[in-house]
Amino acid sequence: MKKITIIGNATKAPEQFATTSGNEMVRISVAVNSYEKGEKKTEYFTVPLFGKTAANALQYLDKGSKVAVNGDLVIRSYVSKAGDKKLSLEISNASVEYLSSKSEKTESAEGWNELSTEDIPF
């Protein structure tokens, strides 16, 4: 089991649907920006939510909302429609902390306030 904690922005509003077994589920997508050798790098994580966590996401989360997600990292491989091998990053058994309100959209999923290395205290 690989535990992970991320802080990022929702790339779109939560998606609600029923699983094949009939359970209600909400899926969110979170973009996390980082910098490697001065270049911006964005990674995308899919987060399936159930129960009260799913209901809260529907109520409090919207595109661009800043969230902290903690859970188990699952790396899935699949073949795209074009026939290419792809990897998907998923966080299962997730807990979600809302770092901005649904109406607070000062930061977007594509470009949130960026820190320079001078802003980091260590």
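## Burial and overall make-up

A residue is called buried when its relative accessible area is under 20%, exposed when over 50%, and partly exposed in between (1.4 Å probe, protein chains only). By that definition 34% of the 122 residues of the chain are buried. This is a predicted model, in which local features need pLDDT of at least 70 and side-chain atom pairs count only at pLDDT 80 or more, while totals for chains, interfaces and linings use all residues. Residues are numbered from 1 along each chain as its sequence is written, and side-chain values use heavy atoms, with hydrogens and water left out.

The chain has 1 helix and 6 strands, in the order β-β-β-β-α-β-β from the N terminus; helices (H or I, at least four residues) and strands (E, at least two) are DSSP runs, numbered from the N terminus.

## Salt bridges

Taking a salt bridge as a side-chain nitrogen of Lys or Arg within 4 Å of a carboxyl oxygen of Asp or Glu, the count comes to 5. One of them pairs D72 with K3 at 2.9 Å, N to O, linking strand β5 to strand β1 (residues 3–10) across 69 residues of sequence. D72 is buried at 9% relative accessibility, whereas K3 is exposed at 58%.

E90 and R76 form another, at 3.1 Å, N to O; E90 lies in strand β6 (residues 85–98) and R76 in strand β5, so the pair ties together parts 14 residues apart in sequence. Here E90 is buried at 13% and R76 partly exposed at 42%.

L61, in the loop between α1 (51–60) and β5 (66–79), is buried, with a relative accessible area of 1%.
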